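Dear colleague,

Please find the structure below, handed over for your records.

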Amino acid sequence: MKSLFSSMRDGLGFDIALVAFALGFLLLMSGLPLVYNVVMSFQEVDMFSLGTFSRPFVGLRNYIDLFAQPETYPILLNTLIFVVGSIAGQFLIGFGLALFFWVNFPGASWLRGLFLVSWVMPGLVVGAIWNWILSGDFGVLNFILRETGLIDANIFWRSDPDYSLYAVIIANIWLGTSFNMILLSVGLSGIPGDLYEAAELDGANAWQRFWTITLPMMRSTIGAIIALGLIFTLQQFDLFAAITSGGPNNASNVTQYWAWELSFRQYDFGKGATVSVVMIVFVMIAAMVYVRSTRHEVRG
Amino acid sequence: MVTGMEECLSQDNETEEKMSFRKYAIIGALALATSSFFGLNAQAEDVTLTLWSLDRDIQPAPNLIKEFNAQNNGIKIEYRQIQFDDVVTEAMRAYASGQAPDIIAVDNPEHALFSSRGAFLDLTDMIAKSSVVKPENYFPGPLASTIWDGKNFGIPKATNTIALYYNKDMFKAKGLDPAKPPQTWDELVEAARKLNDPSANVYGLAFSAKGNEEGTFQFLPWAQMGGGSYDNINAEGAVKALEIWKTIIDEKLASPDTLTRGQWDSTGTFNSGNAAMVISGPWELDRMMQEAKFDWGVALLPIPHPGAERSSAMGDFNWAIFATSKHPEEAFKALEYFVSQDDKLFQNFGQLPARSDIAIPKTGQPLKDAALEVFQEQMKYAKPRGPHPEWPKISKAIQDAIQAALTGQMSAKDALDQAAEKIKGVLG
């Protein structure tokens, strides 16, 4: 009894208790909903059977139906373009800004803080503002492009199937850039200054210093940011709701918006869950790639 | 409020013991505020009903309830406001878990979803006996939306429809007769071409082809005028209608943003003088009276050819009683009271009653009165969407067809054929 108590305080028992708590929390808060979602994807669920558990199992029919729909592959491709485009834009601009503020001119830290304003704003508000900016007839963006002579005729960002997805990507890049910048700034400030001094003495130029010191030292930060970016872009729903509603004709529809549309507009909860499961599979693949790529990292 | 309650209680000549029980019952009830709880406490004098609707404090439901409760007729109604987007999901969840309210206001295309599954109470017999609610007093469209399987599962709460607003000043400026708004589809396109003036940032027409319920709401009347319907969406006339829409978009007689803009925003461009005509409903009247700095009028929706059948959309909510209500008689009494106040619906809240026997009183504003007359006329031709329990899926097929055709990804014929195929799958 006494040994059990002491192991609870310090030893194996304590470890098990910690693990059990974390596992229990995960199971309750993430595992159960996840399993529930997967189960739902094999059932026919509508408004009336949503509150009960006795729902007809339909096997793989939701999946077969889903992939037989003509819009499925375009929407999956849109999701890929949205994720890659958003992350690339947010990361590159964010990194550029982080390097810029790293120069540490007077007021740099203040200004860097102010950049976070865009991150703090709710997605629906950002969406409403970009809705105006991207508006076809009277939008600010069209006005600027026209006045600078880049375009002759207005681009209907929200309503032209060739542009609508990119309209949302632009808004999402604006929304996420500052968050990327802050995290990257933290990473940059963690690189010891003497590394650069030594490199400079050895005659490395700025480009070589960036390529051989900054980037390798930032590896874990960049990995984390890309992983977070993937999560944030796959969660991005408000901008779609506010700017294009996935239109026109699904040209800017992505899986996360589509899952909501199926569940809460057409009340086909089974199909909505099916789309979510497809998303989970893709995120797991991405997560595995991320874990593998950072496995060899030297942790200090 | 609590003091009032206690005074009320102290007037009772009951034993101390019972009084304290009641006090606790009421306090408990206030905390729980569920209909089932009240069902258990039948000793309580007042029958308490719960009512859910999306009306804000300046809209009908809360005010009608206040008036009703003030009558002290032994029935008290508790009100809960729900957001538009949550009405169906909240109601369903509540129904599935036995917590449904007694009365609910539900959007008319969603009505059949509930009635077909037995969630709403069949009111046919109560209405037959009622001296207040008379089916013959209602416009056929709103009434039809409450009917499922030949039985009456609700009462229209208010109604609206769409018609053509046009800018009379622009008509004059472009040599069109403001007393003769376009009557047919061809005339509409012709007028839009004349009124269209890109150099002045003016589009000929504004409407909504958005990929949500609004798109269906605006297109279905055109399909119906062309002899189509939701279960015959690829009728020749419906294809013609979509081709007309495509002409309007292709020739930029309406903004390309029509595809992603709702009716409210589209009408905004009319009010600001950036569109010469707009297809929208009477809910715009108050805003237009304030914003539009020009002379305007309203005309019936143009028809395919002279003498063709008229049609229009039908919007707004219906009252219904949940089948699980413990007090159906009292709930119906409440609805009867609401119906008896229909004649003040427009005056007090700016909403059109769904009744053909009520004349809308003159507002004294000539533009508005003239417009209301047209909307009352248009209301006669308004048809419900469905009614069908799977309406959202049918509507989605129609929206997809509209957007596929207008973005040029499919021909109007192919798009509507595909929609017809999808709808056939839903109808079974």
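Where pLDDT is low, the predicted coordinates should not be read in detail. For chain A the mean pLDDT is 88, with 94% of its residues at 70 or more.

This is a predicted model, in which local features need pLDDT of at least 70 and side-chain atom pairs count only at pLDDT 80 or more, while totals for chains, interfaces and linings use all residues. Residues are numbered from 1 along each chain as its sequence is written, and chains are lettered from A and ligands numbered from 1 in the order in which they are written.

Sheets of chain B

An open sheet of five strands in chain B has mixed pairing and the order β2-β1-β3-β10-β6; two strands pair if DSSP finds at least two bridges between them. Its edge strands, each pairing on one side only, are β2 (75-81) and β6 (155-156) of chain B. Two bridges join β1 (residues 47-53) of chain B to β3 (residues 103-107) of chain B in the parallel sense, and Leu51(B) has Ile103(B) in β3(B) as its bridge partner. Helix α4 (residues 60-70) of chain B packs on this sheet and touches β1, β2 and β3 of chain B; its direction makes about 160° with that of β2(B). Contact means that the C-beta atoms of two residues, placed from the backbone, lie within 7 Å. Axes are lines fitted to C-alpha atoms, for helices over the stretch in contact, and angles run from 0 to 180 degrees between N-to-C directions. Helix α15 (residues 328-340) of chain B also packs on the sheet, touching β1, β2, β3, β6 and β10 (317-321) of chain B.

A three-strand open sheet of chain B has antiparallel pairing in the order β8-β7-β9. Its edge strands are β8 (277-280) and β9 (296-299) of chain B. Four bridges join β7 (residues 163-167) of chain B to β8(B), and Tyr166(B) has Met277(B) in β8(B) as its bridge partner.

Helix packing in chain B

Helix α11 (residues 213-225) of chain B and α18(B) pack at about 80°, with their axes 9 Å apart. The two helices α11(B) and α18(B) are therefore roughly perpendicular (65 to 115 degrees; under 35 counts as roughly parallel, over 145 as roughly antiparallel, and the rest as oblique). Residues of this contact include Phe219(B) and Leu220(B) of α11(B), and Ile398(B) and Ile402(B) of α18(B).

Contact between the chains

The contact takes 23 residues from chain A and 25 residues from chain B. On the side of chain A there are eight nonpolar, 11 polar and four charged residues; Ala, Val, Leu, Ile, Met, Phe, Trp, Tyr, Cys and Pro count as nonpolar, Asp, Glu, Lys and Arg as charged, and the others, Gly among them, as polar.

Backbone details

Gly386(B) and Pro387(B) are joined by a cis peptide bond, with omega about -5°. Pro387(B) lies in the loop between α17 (366-379) and α18 (391-406) of chain B. Asn249(A), although not a glycine, has a positive phi of about 50°.

With kind regards

Definitions and conventions. pLDDT = per-residue confidence, 0-100.
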